[in-house]
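Hello,

Here is the structure we talked about passing on. My notes on it follow below.

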Amino acid sequence: MSAKSKKRFDKNRQQIDFSPGDLVYLRKPNRKVGLSEKLLPQYSGPWEIVMKTAPNNYQITNHSRKKMDIINVEH
């Protein structure tokens, strides 16, 4: 990768940090046979941030299902 490409990529990159208690939506594209993908819901939530487990990993919970999950956030 050239230095010019890296500089151009980094110019539009933003560091996003979430705090425990923040509500977020999780992008989960649905794929179902016979249905148009663009008409199906692409986000689920709201999910609540429970804790930060690593620099890009967060533990989240969905109160309606009492489910906990760890996700990777790609900025």
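Partly exposed methionine

Methionine 51 has a relative accessible area of 39%, so it counts as partly exposed. This residue is located in strand β2. Together with Val50 and Met68, Met51 makes a nonpolar surface patch of about 240 Å². Please keep in mind that the model is predicted.

In soluble globular proteins, nonpolar side chains tend to be buried together. Here the largest nonpolar core has 8 residues: Val24, Leu26, Trp47, Ile49, Tyr58, Ile60, Ile71 and Val73. Two or more of these residues come from each of β1 (23-27), β2 (43-54) and β3 (57-62). In β1, the covered face consists of Val24 and Leu26, while Leu23, Tyr25 and Arg27 are on the uncovered face.

Tyrosine 58 is one of the core residues. Setting aside neighbours within four places in sequence, tyrosine 58 has contacts with Ile16, Asp17, Phe18, Ile49, Met51, Lys52, Thr53, Asp69, Ile70, Ile71 and Val73. The list includes the core residues Ile49, Ile71 and Val73, and also Met51 from the surface patch.

Strand pairing

β1 and β2 run antiparallel and are joined by 4 bridges. Within that pairing, leucine 26 has serine 44 in β2 as its bridge partner. β3 and strand β4 (residues 67-72) are also antiparallel, joined by 6 bridges. These two strands form a hairpin with 4 residues between them, and lysine 66 in the turn has a positive phi of about 55°.

Asparagine 62 is in strand β3 and stands opposite lysine 67 in β4. Is asparagine 62 buried or exposed? At 8% relative accessibility it is buried, because the cut-off for that class is under 20%. Not counting residues up to four places away in sequence, asparagine 62 touches Pro46, Trp47 and Lys67. Of these, Trp47 belongs to the largest nonpolar core, and Lys67 is the residue opposite in β4.

Salt bridges

Side chains of opposite charge can pair when their charged atoms come close. How many salt bridges does the model have? The count is 2.

One is between the side chains of aspartate 10 and lysine 6, at 2.6 Å from N to O. Both residues lie in helix α1 (residues 3-11), 4 residues apart, so about one helical turn separates them. Aspartate 10 is partly exposed, with a relative accessible area of 35%. Lysine 6 is partly exposed as well, with a value of 43%.

The other joins the side chains of lysine 52 and aspartate 17, at 3.5 Å from N to O. Lysine 52 is in strand β2 and aspartate 17 is in the loop between α1 and β1, so this pair ties together parts that are 35 residues apart in sequence. Lysine 52 is partly exposed, with 41% relative accessibility.

Which residues are in contact with aspartate 17, leaving aside its neighbours within four places in sequence? They are Lys52 and Tyr58. Lys52 is the salt-bridge partner, and Tyr58 is a member of the largest nonpolar core. For a distance along the model, the C-alpha atoms of aspartate 17 and proline 41 are separated by 25 Å, with the two residues 24 apart along the chain.

Regards

Methods. Residues numbered from 1 in each chain as written. Predicted model: local features only at pLDDT ≥ 70, side-chain atom pairs only at ≥ 80, totals over all residues. Heavy atoms only, no water. Core = buried A, V, L, I, M, F, W, Y, C linked by side-chain atoms within 4.5 Å. Buried < 20%, exposed > 50% of the residue type's maximum accessible area, 1.4 Å probe, protein only. Contact = heavy atoms within 4.5 Å. Patch = residues over 30% accessible without salt bridge, like charges linked within 9 Å, V, L, I, M, F, W, Y side chains within 5 Å. Areas by Shrake-Rupley, 256 points an atom, 1.4 Å probe, with all protein chains shown as cover. Salt bridge = Lys/Arg side-chain N within 4 Å of Asp/Glu carboxyl O. Pairing = 2+ DSSP bridges.
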